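Please look over the sequence and the structure shown below. The questions and answers that follow go through some of the local geometry and helix packing.

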Amino acid sequence: MAENIMAHGADHAHDEHHHELPTIFGFWLYLMTDCIVFGTLFCVFAVMRNQFAGGPTGKELFDLQGVGLETAILLLSSITYGFGMISAHKGKSGPLLGWFAITFLLGLSFLGLEIREFSHMIAEGNGPDRSAFLSAFFTLVGTHGLHVTFGLIWMAVLMVQSAGKTVFSERLLNKLTMLSLFWHFLDIVWICVFTFVYLMSVI
């Protein structure tokens, strides 16, 4: 009887492990398709970057100090998320929730600064319909912002699922790992945005 129970438990763990492998593989495929999406948007911006239609240029519009602050906030959020993952592997839900709360607030601050930048530009008549340059800019940066928004929603859901845990299942750890990959991916994309869109437009 005991042997049957142990065998059943082993089979269940084996099945769960094999169930997670296609999930992680599928997520990597998703990240690759996202790379294609952002790559396409970067190409569009490269073509349109000098199409100002008599409107303002990036040098006239962009505030590198503000964008630098956004960059620092997003990079710091990756570090705090990493501390949260360390807590998850140790089975400590309290520290994990604390680090994730900090990460969430940092991500929210990043979005707030980005929305303020967009609002200021639109209020001055420099919206996405002003020129091809601004259309490409708003599309690329806005798409990244939507991804950050989705990441924050995902993070909030995982925080609820992790609350009160003393042992993290392999399934939950995989969810946390996939969000980690997604969040770090957004950091990499933003570094490219900062360099290619903002910095090169101002220099």
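Q: At what angle do α3 and helix α4 pack?
A: This is a predicted model, in which local features need pLDDT of at least 70 and side-chain atom pairs count only at pLDDT 80 or more, while totals for chains, interfaces and linings use all residues. Residues are numbered from 1 along each chain as its sequence is written, and side-chain values use heavy atoms, with hydrogens and water left out. Helix α4 covers residues 93-123, and its axis lies 8 Å from that of α3, the two packing at an angle of about 160°.

Q: What span should helix α3 have at 1.5 Å a residue?
A: The expected span of a helix is 1.5 Å times one less than its number of residues, and helix α3 (residues 64-89) has 26 residues.

Q: How far apart are the axes of α3 and helix α6?
A: Helix α6 comprises residues 170-202 and packs with α3 at an angle of about 165°, so that α3 and α6 are roughly antiparallel to each other. The distance between the axes of α3 and α6 is 10 Å.

Q: Is Ser93 buried or exposed?
A: Ser93 belongs to helix α4, and Ser93 touches Ser162, Gly164, Lys165 and Phe168, leaving aside residues up to four places away in sequence (contact means heavy atoms within 4.5 Å). Buried means under 20% relative accessible area, exposed over 50%, and partly exposed in between, with a 1.4 Å probe and protein chains only. Because its relative accessible area is 12%, Ser93 is buried.

Q: What value is phi of Ala53 near?
A: Most residues other than glycine have a negative phi. Ala53 sits in the loop between α1 (2-48) and α2 (58-61), and Ala53 counts as exposed because its relative accessibility is 62%. Its phi is positive, in a residue other than glycine, and is near 50°.

Q: Which residue just after α4 takes a positive phi?
A: Helix α4 has 31 residues and reaches 44 Å from its first C-alpha to its last, close to the 45 Å expected at 1.5 Å a residue. The residue with a positive phi of about 85° just after α4 is Gly125.

Terms used. Helices (H or I, at least four residues) and strands (E, at least two) are DSSP runs, numbered from the N terminus. Axes are lines fitted to C-alpha atoms, for helices over the stretch in contact, and angles run from 0 to 180 degrees between N-to-C directions. Angles under 35 degrees count as roughly parallel, over 145 as roughly antiparallel, 65 to 115 as roughly perpendicular and the rest as oblique.
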